[in-house]
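Colleague: I would like a close look at one part of this model, namely its charged side-chain pairs. Please take your time over the partners and their surroundings.

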Amino acid sequence: FPAELPAVRRALSGIICALRARHVPDDVLHRFELVLAEVFNNIVEHAYANDSPGPIRVAVGMAGPALNVRVRDEGAPMPGNKLPLGRIYDHDETAVGNLPEGGFGWFLIRSATTGLQYRRRGEGNELSFLLGPA
């Protein structure tokens, strides 16, 4: 699907409906929806920020009780070809105007998933992870 907000919303809704039909537990679905929405948003806002919206490809499979997820896009690479740390900053130690990009969303993604990996493959990005019961 194209990396445009209406298409992202439709895709996310369709994926959740398909997983619900496969009886994936609600607690897993809720966390999965948050993670996938953040990943898609990052692709739209950052990977394709300077280009026309390209494709986003998603593969979701079952790995026991966990979801095995792979997301691909053809946008710009991650800075330094690596995942952001995703650290939560203490609001008392950091002025709001000085908060870095790549913190809160990546903290959520990192804390909800296991096996999180990023690879630059040719002209594209690939993010993979597992998300299972809490």
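Colleague: How many salt bridges does the structure hold?

Modeller: The structure holds 5 salt bridges, a salt bridge being a side-chain nitrogen of Lys or Arg within 4 Å of a carboxyl oxygen of Asp or Glu. This is a predicted model, in which local features need pLDDT of at least 70 and side-chain atom pairs count only at pLDDT 80 or more, while totals for chains, interfaces and linings use all residues. Residues are numbered from 1 along each chain as its sequence is written, and side-chain values use heavy atoms, with hydrogens and water left out.

Let me turn to E126, which forms a salt bridge with R119, where the closest N and O atoms are 2.8 Å apart. E126 also meets the side chain of R121 in a salt bridge, at 3.6 Å from N to O. E126 is buried, its relative accessible area being 4%, whereas R119 is partly exposed at 28% and R121 is partly exposed at 47%; here buried means under 20% relative accessible area, exposed means over 50%, and partly exposed lies in between (1.4 Å probe, protein chains only). Through salt bridges that share partners, R119, R121 and E126 are joined with R72 into one network.

Another of the salt bridges brings together the side chains of D26 and R20, at 4.0 Å from N to O. D26 counts as partly exposed, with 46% relative accessibility, and R20 likewise counts as partly exposed, with 41%. As a general point, side chains of opposite charge can pair when their charged atoms come close.
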